[in-house]
Amino acid sequence: MIRQRAKARFVGRRAQLTLFTENLAKDPFSEEAPADFLFHVRGVGGVGKSTLLRQWQEAARRADAITAVVDENDVHGVQQALVELVRQLEAQGGPCKEFGKAVEQFRREQAAQAEPLPVDGEASVSSRVLTQAALGATSLIPGAGFVTAMANPDAAAQGLDRLRSQSRSRSQRRGGRGDETGLSRAFVAELERLCRRQRWVVLFFDTWEQTAHYLDGWLLRLLDEEFGPVPANVVIVLAGRDELAERDWAPLRAHVVDVPLEVFTEAETRALLTSRGVTEPAVVEAVLQLSMGLPLLVELLSLARPNTVEDLDAGGDFADVAVERFVQWITDPKKREAVRACALPPQLNEDVFHAAAGPEAEGLWE
């Protein structure tokens with residue numbers, strides 16, 4: 001019901017919604033007119049990228065797709081992103097057992113690698129513990145017979161260390177299932193399994209200007225099929241503020257469907273306000289001027305339920321909320337103040353920057 005109501009309240013972006021919906025109606029395996037598999041939604045903060053992605057996700061579900069979406073809250077590395085994607089895919093397509101095994105192996109490898117390497121002639125703590133436990137169970141220790149272990153448990157523990165080190169080296173050389181390559185191969189294998197049963201699998205990566213720091217190189221390797229053949233009915237959608245890095249994405253440029261989002265037209269702004277119950281002509285005109293068509297600001301100002309222009313003054317806090325959204329990833333106070341200062345003039349060049357931001361912003365023009 002929530003999704004249906006959100007769809008009913010959605011205003012604008014009809015061309016973009018039609019573009020994606022029509023693509024899902026195509027045959028991904030067609031040689032003459034195959035479906036597109038890579039979309040990039042881009043635009044300034046507050047222009048409605050995440051909102052459009054939610055509508056696309058609903059369109060994909062109606063087209064018999066299973067979907068997953070990650071953003072900067074889920075992504076702090078490849079492992080976290082894959083785990084979150086699979087968690088969502090499992091909820092719709094059933095258990096991904098092979099990936100689960102790969103994650104457990106990865107975590108065991110990570111834990112083993114986190115242990116400091118022992119000094120020559122000494123055994124690691126974990127190997128000494130394992131040795132003592134094995135002796136207590138009258139077991140044989142790898143690399144040493146039971147009698148030898150009884151006589152010299154440290155030597156047995158060092159033998160176990162050597163075996164573990166050799167095993168780790170072999171795993172790293174073959175890109176074993178314990179590293180992120182192994183996780184990625186298991187992920188692609190699960191995609192293949194899901195794609196045999198579903199018409200589409202659609203993966204959404206939101207706030208790409210942030211998540212790309214961790215996933216850009218990995219995604220390029222995925223699309224280059226370093227981790228195995230990617231099924232033709234997998235669709236990948238990126239959404240971020242910036243254009244894709246020209247040099248890195250050049251080989252795939254022809255396959256990227258670029259979807260730039262502009263601010264709302266006047267007609268779209270009026271339609272959104274009407275759908276939110278804001279119809280007083282003077283108020284509508286004031287919102288048009290204050291928001292400049294930026295969907296986030298239009299939405300926030302409409303939340304004040306203004307009946308008069310004066311009511312909009314009480315909605316000033318909403319504009320502050322929007323500004324915080326725009327600058328939330330700028331952690332340096334000097335940079336943040338420079339950005340705020342440069343938001344005041346209607347046009348900006350380097351001379352205006354120095355006049356607006358002042359001497360404390362020296363060196364921050366770029």
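In which sense, left-handed or right-handed, does α4 pass α9 in their crossing? The answer comes below, after the overall layout.

The model is predicted, so local features are given only at pLDDT of at least 70 and side-chain atom pairs only at pLDDT 80 or more, while totals for chains, interfaces and linings use all residues. Residues are numbered from 1 along each chain as its sequence is written, and side-chain values use heavy atoms, without hydrogens or water.

Of its 366 residues, 43% count as buried, that is, under 20% relative accessible area with a 1.4 Å probe and protein chains only, where over 50% is exposed and anything in between is partly exposed. Among contacts (heavy atoms within 4.5 Å) with a separation of 6 or more, 68% join residues 24 or more positions apart.

The five strands form an open sheet with parallel pairing, in the order β2-β3-β4-β1-β5. Two strands pair if DSSP finds at least two bridges between them. β2 and β5 (256–260) are the edge strands, each pairing on one side only. From one strand to the next the twist averages 15°. Strands of a sheet pair through backbone hydrogen bonds, in either a parallel or an antiparallel sense.

β2 pairs with β3 (residues 200–205) in the parallel sense over six bridges, and Thr67 has Val202 of β3 as its bridge partner. β3 in turn pairs with β4 (residues 234–240), also in the parallel sense, over five bridges; here Phe204 is the bridge partner of Val237 in β4.

Helix α4 (residues 78–93) lies across β2 and β3 and runs at about 150° to β2. Axes are lines fitted to C-alpha atoms, for helices over the stretch in contact, and angles run from 0 to 180 degrees between N-to-C directions. The axes of α4 and α9 (residues 180–197) come within 11 Å and cross at roughly 20°. The two helices are therefore roughly parallel, the classes being under 35 degrees for roughly parallel, over 145 for roughly antiparallel, 65 to 115 for roughly perpendicular and oblique for the rest. The crossing of α4 with α9 is left-handed: the near helix is turned anticlockwise from the far one by less than a right angle, clockwise being right-handed. Residues in this contact include Leu82, Leu85 and Leu89 of α4 and Leu183, Phe187 and Leu191 of α9. By class, the contact has nine nonpolar, three polar and three charged residues. Nonpolar covers Ala, Val, Leu, Ile, Met, Phe, Trp, Tyr, Cys and Pro, charged covers Asp, Glu, Lys and Arg, and the others, Gly among them, are polar.

Helix α14 (residues 295–303) is mostly covered, with seven of its nine residues buried; among them are Pro295, Leu296 and Ser302. Arg305, which follows α14, has a positive phi near 50°.

Further along, the axes of α17 (residues 333–342) and α18 (residues 350–357) come within 9 Å and cross at roughly 110°, which makes α17 roughly perpendicular to α18. Their crossing is right-handed. Ala338, Ala341 and Cys342 of α17 meet Phe353, Ala356 and Ala357 of α18, and the residues of this contact are six nonpolar, no polar and no charged.

Notes:
Helix = DSSP H or I, 4+ residues; strand = E, 2+ residues; numbered from the N terminus.
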